[in-house]
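Trainee: I have a fold open on my screen. Could you show me how to read it, feature by feature?

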Amino acid sequence: MPLARSLSVTSLSGLEDWDEEFDLEDAVLFEVAWEVANKVGGIYTVIQTKARLTAEEWGENYFLVGPYVESNVRTQVELIEPTNPILKRTIDKMNASGCKVYFGRWLIEGSPYVVLIDVAFTAWSLDRWKSELWENFSIGVPWFDREANDAVLFGFLTAWLLGEYAAQCEEPPHILAHFHEWLAGLGLMLCRRRQLPVATIFTTHATLLGRYLCAGKVDFYNNLAEFNVDKEAGDRQIYHRYCLERSAARCAHVFTTVSQITAIEAEYLLKRKPDIITPNGLNVKKFSAMHEFQNLHAKSKNRIQEFIRGHFYGHLDFNLDKCVFLFIAGRYEFSNKGADIFLEALARLNYLLRVNHSDVTVVAFFIMPARTNNFNVETLKGQAVRKQLWDTAQTVKERFGKKLYESLLVGQLPDVSKMLDKEDFTMMKRAIFSTQRQCQPPICTHNMLEDSSDPILNCIRRIGLFNCSADRVKVIFHPEFLSSTSPLLPMDYEEFVRGCHLGVFPSYYEPWGYTPAECTVMGIPSISTNLSGFGCFMEEHIADPSAYGIYILDRRFRGVDESCNQLTSFLFQFCKQSRRQRIIQRNRTERLSDLLDWRYLGRTFATKSKRCIGKYKKSKYHVNDLVCCSLSQVSSNHDS
């Protein structure tokens with residue numbers, strides 16, 4: 001899906017002899033990202049899921065480069081000696097020069113090689129490298145921005161690694177370096193400035209400035225051409241980060257992004273139109289029989305129902321078999337992720353279900369990590385009460401079964417009035433009394449550190465969804481990532497998603513959208529928007545996405561109230577479906593999984609990237625003529 005291509009910044013020495021289609025056996029691919037074996041956000045998922053396919057294609061010539069984080073290395077990486085003799089000499093030379101560089105295998109699918117750089121070990125060079133950054137690019141990084149300081153260290157060490165590798169090669173090397181996001185971008189800029197024989201690709205998964213602007217509740221997409229990007233970045237104290245991102249995009253031979261909507265954003269904010277759209281994929285595991293993933297849904301749904309039984313003890317006055325589980329998950333960005341419009345739609349849905357006397361109950365989960373200090377005592381008590389009731393029922397059942405067995409052994413029909421004695425009734429009454437509750441079931445499963453200012457909780461207080469008996473919509477806010485070791489809801493994220501009926505992601509700012517993509521791969525219908533990369537991708541490839549359980553909410557050409565009404569309509573129509581209709585829809589949703597498989601998407605990326613490199617190396621511009629970013633007036637408050 002190539003876009004109209006912008007002119008590259010110049011060819012580099014060492015690349016002139018490359019053909020558009022070159023032999024992979026003579027080329028080496030370094031993929032550089034801060035999230036290699038270091039989970040921070042969605043880029044970790046991109047790299048982790050793509051690694052198997054890339055390793056299969058590039059074989060022993062594929063290396064991931066990331067930061068050395070000891071806690072992650074202990075559990076995710078097997079440290080070994082470098083298998084590539086050139087890379088071994090490179091790492092030995094760097095270690096002898098005062099660096100700490102490690103080599104190993106990342107213990108994920110594909111077991112790719114990783115080169116991990118300890119940025120903290122070379123922190124003594126930070127001031128010198130920041131001075132060099134200012135002299136070469138006129139970008140000053142403030143001392144208090146630790147993340148940007150790490151980006152400086154990581155960038156210089158990455159460029160050192162690539163330069164040393166090229167120097168160790170006996171013949172002119174074919175080195176391809178793929179950099180993800182602004183945190184790795186400085187390494188690319190230095191490769192260009194030093195004219196290293198390295199072909200470069202830069203991928204932005206979201207623009208820094210775009211994320212900040214959307215969080216500020218501006219009419220972002222209708223005013224892209226109007227923003228004074230330097231002023232907006234400076235006002236938000238991210239000008240130095242923005243300059244690093246914009247420079248990396250402008251310096252790269254090939255600039256890519258993950259969706260058409262982000263390509264438009266990058267053209268206006270980073271001042272370069274992406275050359276290729278490379279949608280993010282997943283490793284799709286197909287089942288031999290269609291009913292297998294439906295069985296997994298039923299199994300996971302039962303575990304969620306067990307949690308619901310404990311959470312709503314004393315107020316379990318609704319039928320769990322007629323309960324619909326919705327969820328929203330991701331980074332806690334209240335407006336960007338659409339949690340605001342989702343809550344408003346839930347309030348309207350609650351009204352519709354009540355006036356229509358529906359017997360359906362909706363339970364909406366908000367899985368968004370926030371600042372907490374522990375589990376909510378009332379929530380933990382609910383699970384304890386549920387377990388106690390289960391133990392009591394099992395005890396009575398065993399005693400009842402033993403009496404029944406003995407009666408049948410002597411050839412007599414049991415006397416039902418004697419099967420349960422006084423002690424059994426006492427145990428059951430005590431269990432029933434323990435379920436009495438004086439308060440409503442809690443909204444939040446944890447104790448929030450900033451309860452009074454939390455956006456989700458304040459919105460719930462405004463719309464009045466307090467899990468009352470009369471409400472047909474219940475809300476559960478779980479401000480922590482899911483884990484199979486949790487004493488509260490012991491399920492990992494994949495298992496939880498499989499057990500839900502619908503994922504709701506009405507995002508205003510979502511460059512790609514892994515959450516609805518993961519739902520699709522697992523056969524779970526989802527709601528996305530035409531401002532998300534995933535939503536635009538599905539609209540482009542499917543004539544009627546809603547027929548396959550992919551509902552696309554219009555947030556680009558409608559106001560907030562109209563979008564909220566549309567979302568409410570989607571939810572209400574979904575609640576009216578029968579169980580059989582939902583099963584058929586899940587089958588149709590799961591059929592779309594091949595569209596999101598890396599084996600399909602990765603092939604497009606690899607082929608077009610190679611062709612672009614051949615064209616970009618012939619560009620007429622010289623690297624020194626490049627204006628990396630608008631640096632005519634670097635604010636004095638961004639000292640180097």
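This is a predicted model: local features need pLDDT of at least 70, side-chain atom pairs count only at pLDDT 80 or more; totals for chains, interfaces and linings use all residues.

Trainee: Why is α18 described as largely enclosed by the rest of the structure?

Mentor: Count its buried residues. Buried means under 20% relative accessible area. In helix α18 (residues 514–521), 8 of the 8 residues are buried, so the rest of the structure largely encloses this helix. Among them are Y514, P516, C519 and V521. After α18 comes G523, whose phi is positive, near 75°.

Trainee: Now the other sheet. What is the strand order in the open sheet of 9 strands?

Mentor: The order is β3-β4-β5-β2-β1-β6-β7-β8-β9, and here the pairing is mixed. At the edges stand β3 (77–79) and β9 (276–277), each with a single partner strand, so one side of each is left without a neighbour in the sheet. Now zoom in. Strands β1 (residues 27–32) and β6 (residues 174–180) run parallel and are joined by 6 bridges. V28 stands opposite I175 in β6. Helix α6 (residues 181–193) packs on this sheet, touching β1, β6 and β7 (198–204). The direction of α6 makes about 155° with that of β7.

Trainee: How do I describe two helices that pack together?

Mentor: Two packed helices are described by the angle between their axes and the distance between the axes. Take α4 and α6. Their axes come within 12 Å and cross at roughly 60°. That makes α4 oblique to α6. The crossing is left-handed.

Trainee: Which residues make the contact?

Mentor: From α4 come L133, N136 and F137; from α6 come L186, M189, L190 and R193. Compare sequence with space. N136 and L190 are 54 residues apart in sequence, yet 9.0 Å apart in space, C-alpha to C-alpha.

Trainee: Is N136 buried or partly exposed?

Mentor: N136 lies in helix α4 (residues 126–137). At 27% relative accessibility, N136 counts as partly exposed.

Trainee: What about nonpolar residues?

Mentor: In soluble globular proteins, nonpolar side chains tend to be buried together. Here the largest nonpolar core has 78 residues. F30, L87, V115, L133, F179 and F220 touch the most other members. Helix α5 (residues 146–168) gives the most to this core, with 12 residues. Look at L133. Leaving out residues up to four places away in sequence, its contacts include I139, V152, F156, L186 and L244. A second, separate core of 68 residues includes A364, F365, C444 and V475.

Terms used:
Residues are numbered from 1 along each chain as its sequence is written. Side-chain values use heavy atoms; hydrogens and water are left out. Two strands pair if DSSP finds at least two bridges between them. Helices (H or I, at least four residues) and strands (E, at least two) are DSSP runs, numbered from the N terminus. Contact means heavy atoms within 4.5 Å. Axes are lines fitted to C-alpha atoms, for helices over the stretch in contact, and angles run from 0 to 180 degrees between N-to-C directions. Buried means under 20% relative accessible area, exposed over 50%, partly exposed in between (1.4 Å probe, protein chains only). A nonpolar core is a set of buried Ala, Val, Leu, Ile, Met, Phe, Trp, Tyr and Cys residues joined through side-chain atoms within 4.5 Å. Angles under 35 degrees count as roughly parallel, over 145 as roughly antiparallel, 65 to 115 as roughly perpendicular and the rest as oblique. A crossing is left-handed if the near helix is turned anticlockwise from the far one by less than a right angle, and right-handed if clockwise.
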